[in-house]
Amino acid sequence: MASKKVLLLLGLAMANKTMDTREGEDVILKCRFNEHYSDREYSYYWAQQSPNKYDNVAIKGDTFNPNYKIDYRPNQGIYDLQIFNVSYARDNGRFECRIKQIGSDNAIYEDYYNLTVLTPPQPPLIFPGSETTATEDKKQELTCSSVGGSPDPTISWYREGSTTPLAANLIYGGSRDMQTTSTLTIIPRREDDGAKFTCVVWNRAMPESQRLETVTTLSVRCGHGSSLLQQRLN
């Protein structure tokens, strides 16, 4: 049986809430209010906002998708939306519960929250690759990317032997179809020849103890082109 998750919405103009779910689950979004607004004087609706659309999904007791169902009892302060068989393509985004007085554009009750359909990210890739050739004292960028995560994954860089994350420029993809990237900029020194840098990826779809990792090894060349390791061997 599909599991059910519940988010209770109380009060006016609350801050955005985040609710996590997964493909195939059923979700109940409870919109509750203390005042009892007659359906003869007020209009009720649920709407959904995503990057490419803003649509009403229910007006009063009517829904516009067979996977949605409304528990419409305004005289008891209840206006709940149930979503069956959650899917990322249809349901990932921000949902809004609103009550308006008929004939007015002003909402007397409204609430918002974000429904995140969890998807784990793909294994990370490093550019230039598993081995990076750099020039001593010349700026070098290492870019790590991952596609497919919902929500966008975090990407962290570490130098071998250290548990402190390195400062890097993180750019979120914005959807599971886009890549999230983190670019680490370094100025290689002589002592950095052979150093290993690890890219670590994680999002909330993964167990807390799990991480996706990949490593690149730095080969530092001096100004005339040979690597410092080759110089030492010669």
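**Stop one: a pair of cysteines**

Select Cys144 and Cys199: they form a disulfide, with their sulfur atoms 1.8 Å apart (a disulfide here is a pair of cysteine sulfur atoms within 2.5 Å). Cys144 lies in strand β13 and Cys199 in strand β17 (residues 196-202), so the pair ties together parts that are 55 residues apart in sequence. Strands, by the way, are DSSP runs of E with at least two residues, numbered from the N terminus. The torsion about this S-S bond is -70°, and the link of Cys144 and Cys199 is left-handed. Cys144 is buried, with a relative accessible area of 0%, and Cys199 is buried with 0% too. Buried means under 20% relative accessible area, using a 1.4 Å probe and protein chains only.

Before you go on, know that this is a predicted model, where local features need pLDDT of at least 70, side-chain atom pairs count only at pLDDT 80 or more, and totals for chains, interfaces and linings use all residues. Residues are numbered from 1 along each chain as its sequence is written, and side-chain values use heavy atoms, with hydrogens and water left out.

**Stop two: the other disulfide**

How many disulfides does a search of the whole structure find? It finds 2. For the other stop, pick Cys31 and Cys97, whose sulfur atoms sit 2.0 Å apart in a disulfide. This pair links distant parts of the chain, 66 residues apart: Cys31 is in strand β3 (residues 26-31) and Cys97 in strand β9 (residues 93-101). Why is this disulfide left-handed? Because the torsion about the S-S bond of Cys31 and Cys97 is about -75°. Cys31 is buried at 0% relative accessible area, and so is Cys97, at 0%. Count the bonded cysteines along the chain and the pattern reads 1-2, 3-4.

While cysteines are on screen, click Cys222 as well: it is buried, with a relative accessible area of 8%.

**Stop three: around β13**

Now colour residues 140-147, which make up β13, and residues 125-127, which make up β11; these strands pair in the antiparallel sense over 3 bridges. Two strands count as paired if DSSP finds at least two bridges between them. Leu125 stands opposite Ser145 in β13. Look for Leu142 here, whose bridge partner in β16 is Leu184.

**Stop four: an open sheet**

Next, show the 6 strands that form an open sheet in the order β2-β10-β9-β4-β5-β6, with mixed pairing. Its edge strands are β2 (17-21) and β6 (62-63), each pairing on one side only. Inside the sheet, β4 and β5 pair in the antiparallel sense over 6 bridges, and Tyr45 stands opposite Ile59 in β5.

**Stop five: the cores**

Show side chains for Leu29, Trp46, Tyr79, Leu81, Ile83 and Phe95, the residues with the most contacts inside the largest nonpolar core, which has 25 residues. Such a core is a set of buried Ala, Val, Leu, Ile, Met, Phe, Trp, Tyr and Cys residues joined through side-chain atoms within 4.5 Å. β10 gives the most to this core, with 4 residues. Apart from it lies another core, of 17 residues, among them Ile126, Ile155, Leu212 and Val220.

**Last stop: confidence**

Finally, colour by pLDDT, the predictor's confidence in each residue from 0 to 100. The chain's mean is 88, and 88% of its residues reach 70 or more. Over residues 6-11 the pLDDT is below 50. Where pLDDT is low, the predicted coordinates should not be read in detail.

Definitions and conventions: Buried means under 20% relative accessible area, exposed over 50%, partly exposed in between (1.4 Å probe, protein chains only). Contact means heavy atoms within 4.5 Å.
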